[in-house]
Amino acid sequence: MSKKEKKQLIRILISAVLYIIAILLPVEGIAKLMVFLVVYAAIGGDIVLKAIRNISHGQVFDENFLMSVATIGAFFLKEYPEAVAVMMFYQVGEWFQSYAVSKSRRSISELMDIRPDYANVLRDGQLVQVDPEEVIINETIVVKPGERIPLDGVVLEGNSSVDTSALTGESVPREVEPGQNIISGCINQTGRLTIQVTKEFGQSTVAKILELVENACDKKSKSENFITKFARYYTPMVVIGAVLLAILPPLLAGQEFSVWVARALTFLVISCPCALVISIPLSFFGGIGGASKSGVLVKGSNYLEALADTEVVVFDKTGTLTKGSFAVSKVQPENMTVDELLEIAAYAEDYSNHPIALSIKKAYGKDIESGRILSIEEIAGHGVKAVIDGKEVLAGNAKLMLKENIAYKSVPLAGTVVYLAINGKYAGSISIEDEIKEDSPKAIADLKAAGIRKTVMLTGDADAVGQKVAKTLRLDKAYTELLPADKVERMEELMKEKSAKGKLAFVGDGINDAPVLARADIGIAMGGLGSDAAIEAADIVIMTDEPSQIATVMKISKKTLRIVKQNIVLALGVKGIVLVLGALGMASMWAAVFSDVGVSVIAIINAMRALNVKKV
């Protein structure tokens, strides 16, 4: 609880004690009025001052005005206890609202408490502790165990485990070693790391994420915009209605003014739109906070709302549904063992840093004795020719086999195939594929279970590769061998297939998919940490590398909208009934208090549920 909230609560408690004393005091007339005025000033003086201040600025019709007019009117009707009670309960509702909002904000700020306080910079051979904003690109920083990594960079020295949970929600630490990129906001756990800075603090991952969270609620949903417009017209209408209620019956039917003025004042208290104005933005704020807890950054409540209407989800392949890294999937030797073929291939690819070569060496998994390699010659567009242990080894594609007139067995598998020959004779083949993420099958199944009508993949890969991935994941459709412009064209076609209300979401890596991300109704960047393009182009950033989080954030979206609709029905329903009863003289000022403060409290409690959403 903040100091402001504590002061407000103490003030309410003191006013409550004074209120009880005022009721028990055996005074009448002017003395009774003065006693209750003191209590009223203590509990509601600031509301009256706000109303006066707002009127002077041209903002007349708000809740401060409604509460001030209603309670001051009650004093004129000599309903002193009711006037003070209405203001007191209103302040209780305001305190509850303030506490709920700050609790929601604290829950997000604690979750996103990733801003580093300092950086240890190596300058002139000495470690100097400075503000992260003072560090420039290419400077060297040192991060000790237990410290938060202050800036993005590349590890120069040291091995360690890094806690990324504040950014990704992933509980398992990640291992880092020299040569690896590292992002700010994580906590170094075990070893001392020396890092070369690659981005200034303002452009670092931690700064961009903090900016996203802070600005997420600036982009309002349709529901929030509706309530804002509704309140703008609703409040003046109920004030006019209250005036007419106070004047017309006495003038037309000759009834007492005091009776109808009392009803009009009750009508004003009932009409206060606090429950709607507060609970709906709070619901979306809670939804965005719940998404952050799951490792998903939503840039605005408008995007969170749009997710609930998503009908079509379109995926990029590489880096989204697949890992974007090659791995050996099949080894088919000819007149030798699998291990022997892998060994000769690893030696032939020793000097290459191509992803295919790296995957073969990783599959071999042993140290390479460079002395066994007598020579290596690269044959552009075909492969390599090497002399290993005195034998001539060819490793490359089918064109290399044809070029050297070697009879080989064609492998009709999706992916990349490396054919090998030793001393002019075919030795076998190694198939290499981009690995499907372990999480991808679950992601597609969860989306279909969530009601997504169509799942599509757009990729620039060969048709055989793309169709195999689509079949494995049970996607509805796959378009392959697409250039970036082709992807946009396909996207346009898919946009026409959805319903008028339905939305299309595109999920990509955020680096080379910016045009498609921008064209989709909702752009979702996968594995966006450290990728400027992802954070800039996408509406939603999945901070983990898990496609299944898309279904999670859709679940959050639908739950948030359910809560919003519940609060709208609750607030308008209760107020509508009590307004009619108040106009007929069947609802007292106490009923008015419940319809305003009580409904606000219930709506706020309901809105807070949006913070708590479990992963799918």
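A: A salt bridge here is a side-chain nitrogen of Lys or Arg that lies within 4 Å of a carboxyl oxygen of Asp or Glu. By that criterion, Lys 323, Glu 435 and Glu 438 are linked in a network of salt bridges. The model is a predicted one, and a search of the whole structure finds 18 salt bridges.

Among the individual pairs, the side chains of Asp 152 and Lys 199 meet in a salt bridge, with an N to O distance of 3.9 Å. This pair links distant parts of the chain, since Asp 152 sits in the loop between strand E3 (140–143) and strand E4 (153–157), while Lys 199 sits in the loop between strand E9 (193–197) and helix H6 (205–215), 47 residues apart. Asp 152 has a relative accessible area of 3% and is therefore buried, and Lys 199, at 16% relative accessibility, counts as buried too.

A second pair is formed by Glu 343 and Arg 372, whose side chains meet in a salt bridge at 3.0 Å, N to O. Here again distant parts of the chain are linked: Glu 343 belongs to helix H11 (residues 338–348), and Arg 372 to the loop between helix H12 (355–364) and strand E13 (373–379), with 29 residues separating the two. Because the relative accessibility of Glu 343 is 24%, this residue counts as partly exposed.

Lys 448 is in helix H14 (residues 440–449) and Asp 476 is in the loop between helix H15 (463–473) and strand E19 (477–479), so the pair ties together parts that are 28 residues apart in sequence. Lys 448, with 35% relative accessibility, counts as partly exposed, and Asp 476, with 41%, likewise counts as partly exposed.

These pairs belong to a protein chain in which there are 20 helices and 22 strands. Of its 616 residues, 50% count as buried. Taking the contacts in the chain with a separation of 6 or more, 66% are between residues 24 or more positions apart. The accessible surface comes to about 28400 Å², and 57% of that surface belongs to carbon and sulfur atoms.

On the nonpolar side of that surface, a patch of about 780 Å² is made by Ile 240, Val 243, Leu 244, Ile 247, Leu 248, Leu 251, Leu 252 and Phe 257. Helix H7 (residues 222–253) supplies the largest share of this nonpolar patch, namely seven residues. Because an α-helix has 3.6 residues a turn, residues three or four places apart point the same way. Leu 248 lies in helix H7, and its relative accessibility of 37% is why this residue counts as partly exposed.

Just after H3, Lys 78 takes a positive phi of about 65°.

Two further buried positions deserve attention. Thr 310 is placed in strand E11 (residues 310–316), and its relative accessible area of 8% is why it counts as buried. The side chain of Thr 310 reaches the backbone oxygen of Leu 307 at 3.0 Å. When residues up to four places away in sequence are not counted, Thr 310 touches Ile 452, Lys 503, Ala 505, Ile 522 and Met 554.

The other position is Lys 559, which is found in helix H19 (residues 549–583). With a relative accessible area of 18%, Lys 559 is buried. Lys 559 and Ser 283 are 276 residues apart in sequence, and their C-alpha atoms are 9.7 Å apart in space.

Definitions and conventions. Residues are numbered from 1 along each chain as its sequence is written. This is a predicted model: local features need pLDDT of at least 70, side-chain atom pairs count only at pLDDT 80 or more; totals for chains, interfaces and linings use all residues. Side-chain values use heavy atoms; hydrogens and water are left out. Patches are made of residues with over 30% relative accessible area and no salt bridge: like charges are joined within 9 Å, nonpolar side chains (Val, Leu, Ile, Met, Phe, Trp, Tyr) within 5 Å. Accessible areas come from the Shrake-Rupley method with a 1.4 Å probe; for residues, only the protein chains shown count as cover. Helices (H or I, at least four residues) and strands (E, at least two) are DSSP runs, numbered from the N terminus. Buried means under 20% relative accessible area, exposed over 50%, partly exposed in between (1.4 Å probe, protein chains only). A polar contact is a pair of N or O atoms within 3.5 Å; within protein, one must be able to donate a hydrogen and the other to accept it, and residues adjacent in sequence count only if both atoms are side-chain atoms. Contact means heavy atoms within 4.5 Å.
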